[in-house]
Amino acid sequence: MSRAIKHLLIGGLIIMTIGVPTATTANENDLKLTIVNPKTLYDPTPNGYSTAVIVPREARVAYISGQGGQDSTGALSPDFSVQVKQAYANLRTALDALGARPDQVAKLTVFVVDHDMSKLEVLTRNVKEMFGEALPAQTLIPVPKLAIDPMLFEVEAVVMLD
């Protein structure tokens, strides 16, 4: 193995061990997500997400399909902020149906039609309202359109179940 590859491997191991807290054994009654925000990376928490989240090995995982901003009748507001607020309310309803809480969400993927920086404040506010300090890992994907033309926002989640 070349010297450069050895240094890369050793460096990678050092970075991995610095950023990951000491593992603890979780029992069935004490399953918690571990949020990891390495100090050597940009702090994402002001923007409403965490760098990484570790799900305990004993946990069951559920996947929630993308939730849009439709109300219970299927109607969509033309307003982006109204759709985002409703989509997070719909996500909360899906969590409730699973018997899960927001602090059990490990990962969010959000899709934003015609994303621009003005939409980040709306997104950040809604994520922080729902998740508080237990910010999940999150990826924002700008898209030209979603499944239904008036849809402007969609959020899907990976959830750890008790």
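A residue is called buried when its relative accessible area is under 20%, exposed when it is over 50%, and partly exposed in between (1.4 Å probe, protein chains only). By that rule, α3 has these buried residues: Val122, Leu123, Thr124, Asn126, Val127, Met130 and Phe131. The model is predicted, so local features need pLDDT of at least 70 and side-chain atom pairs count only at pLDDT 80 or more, while totals for chains, interfaces and linings use all residues. Residues are numbered from 1 along each chain as its sequence is written, and side-chain values use heavy atoms, with hydrogens and water left out.

**Overall layout**

- The chain holds 3 helices and 6 strands. Both kinds of element are DSSP runs, numbered from the N terminus: helices are H or I with at least four residues, strands are E with at least two.
- Starting at the N terminus, the order is α-β-β-β-α-β-α-β-β.
- The chain has 162 residues, and 38% of them are buried.
- Take the contacts between residues at least 6 apart in sequence: 75% of them join residues at least 24 apart. A contact here means heavy atoms within 4.5 Å.

**Helix α3**

- Helix α3 covers residues 120-131, which is 12 residues.
- From first C-alpha to last, α3 reaches 16 Å, close to the 16 Å expected at 1.5 Å a residue. The expected span is 1.5 Å times one less than the number of residues.
- The buried residues of α3 pack against α2 (80-98), β4 (105-113), β5 (137-143) and β6 (153-161).
- Gly132 follows α3, and its phi is positive, near 55°.

**Nonpolar cores**

- A nonpolar core is a set of buried Ala, Val, Leu, Ile, Met, Phe, Trp, Tyr and Cys residues joined through side-chain atoms within 4.5 Å.
- In soluble globular proteins, nonpolar side chains tend to be buried together.
- The largest core has 31 residues, and Tyr88, Leu91, Phe131, Phe153 and Val159 touch the most other members.
- At least two residues of this core come from each of β3 (60-68), α2, β4, α3 and β6. Helix α2 gives the largest share, 7 residues.
- Tyr88 touches Leu108, Val110, Asn126, Val127, Met130, Phe131, Gln138, Phe153 and Val155, leaving out residues up to four places away in sequence.
- Another core lies apart from the largest one. This other core has 7 residues, including Leu31, Ala59, Ala106 and Met160.

**Salt bridges**

- A salt bridge is a side-chain nitrogen of Lys or Arg within 4 Å of a carboxyl oxygen of Asp or Glu. The count is 6.
- Glu129 pairs with Lys85, with the closest N and O atoms 3.9 Å apart. This pair links distant parts of the chain: Glu129 is in helix α3, Lys85 is in helix α2, and they are 44 residues apart.
- Glu129 is exposed because its relative accessible area is 52%.
- Asp96 and Arg92 form a salt bridge at 3.7 Å, N to O. Both lie in helix α2, 4 residues apart, about one turn of the helix.
- Asp96 has 49% relative accessibility, so Asp96 counts as partly exposed. Arg92 is partly exposed too, at 37%.
- Asp162 and Arg101 meet in a salt bridge at 3.4 Å, N to O. Asp162 is in the segment after β6 and Arg101 is in the loop between α2 and β4, so the pair ties together parts that are 61 residues apart in sequence.

**Glu154: a buried charge**

- Glu154 lies in strand β6.
- Glu154 is buried yet has no salt bridge. The nearest side chain of opposite charge is Lys145, 12 Å away. For charge, Lys and Arg count as positive and Asp and Glu as negative; His and the chain ends are not counted.
- Beyond its neighbours within four places in sequence, Glu154 is in contact with Gly66, Gln67, Gly68, Thr109, Val110, Phe111 and Leu146.

**Lys107: a polar meeting point**

- Lys107 sits in strand β4. Its relative accessible area is 26%, so Lys107 is partly exposed.
- The side chain of Lys107 makes polar contacts with the side chains of Thr109 (3.2 Å) and Thr139 (3.0 Å). A polar contact is a pair of N or O atoms within 3.5 Å; within protein, one must be able to donate a hydrogen and the other to accept it, and residues adjacent in sequence count only if both atoms are side-chain atoms.
- Lys107 and Thr139 are 32 residues apart along the chain, and their C-alpha atoms are separated by 8.2 Å.
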